[in-house]
Amino acid sequence: MRNTSPLLRSGLTAAATAALPVALAAAPAAAGPGISVSTTGTTVSVTTTACAQLNGSWGTASLLSGAQRDFAQGRQVALSGSGSGQSAAWSGIAPGTYTVIVMCSNNSTAGTQTVIVSAAPSPSPSPSRSATSSPSASPRGVMGGLGGAVQDYGTATLVAGGALVGAGVIAAAWFLRRRSKPYRF
């Protein structure tokens, strides 16, 4: 019979339990009203619920190209909307990477987000009358993208993730080391 202490057997559970509060504490830091940026063709739009109306103004949004670093350098548009949400949009934007910054009318920053504007698709030649349509010939392809790669995660989130990975590596090494030893009576 193998007699191991419950504390030793639950090492992995204890490591995961210790790392869980760190991961949960990091999640609210990334949450909040902030801003939401989207693109449709050559139009970039931003929405937020973080701003309050002050002296008839909700605030201003600025679109910065890669070389611009200051809010004042970007293309500025006044926010419009209501208490349930404000928005701004820029049209005719050239392909590239841009940063959107929203400043509320009380001079607080509602949020900053990076967005990628892709080139407009080139028109495809229309199929001849003898060609038949098949799913593989459809102009719709895989809608790939960067996913979360453009989202800026906070330091606490990255530290929590590193701690979880580290705990997993240590637990795996401990498990494999214990497994390689012969059974003792």
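Predicted model: local features only at pLDDT ≥ 70, side-chain atom pairs only at ≥ 80, totals over all residues.
Visitor: Which hand does the link of Cys51 and Cys104 have?
Guide: Left-handed, with -75 degrees about the S-S bond.

Visitor: And what does the pair tie together?
Guide: Parts that are 53 residues apart in sequence, because Cys51 sits in the loop between β2 (43–48) and β3 (59–64) while Cys104 belongs to strand β7 (residues 96–104).

Visitor: Is Cys51 buried or exposed?
Guide: Buried, with a relative accessible area of 5%. Cys104 is buried too, at 5%.

Visitor: Switching to the backbone: what's up with phi of Asn55?
Guide: Phi of Asn55 is positive, near 55 degrees, and this residue isn't a glycine. Asn55 is in the loop between β2 and β3 and counts as exposed at 79% relative accessibility.

Visitor: Where's Asn107, then?
Guide: In the loop between β7 and β8 (109–117). Asn107 also has a positive phi, about 65 degrees, without being a glycine. With 65% relative accessibility, Asn107 counts as exposed.

Visitor: OK, new topic. Which residues form the nonpolar patch on the surface?
Guide: Trp174, Phe175 and Leu176, which together have about 310 Å² of accessible area.

Visitor: Where is Phe175 found?
Guide: In helix α3, residues 155–180. Phe175 is partly exposed, with a relative accessible area of 47%.

Technical notes
Residues numbered from 1 in each chain as written. Heavy atoms only, no water. Patch = residues over 30% accessible without salt bridge, like charges linked within 9 Å, V, L, I, M, F, W, Y side chains within 5 Å. Areas by Shrake-Rupley, 256 points an atom, 1.4 Å probe, with all protein chains shown as cover. Salt bridge = Lys/Arg side-chain N within 4 Å of Asp/Glu carboxyl O. Helix = DSSP H or I, 4+ residues; strand = E, 2+ residues; numbered from the N terminus. Buried < 20%, exposed > 50% of the residue type's maximum accessible area, 1.4 Å probe, protein only. Disulfide = S-S within 2.5 Å.
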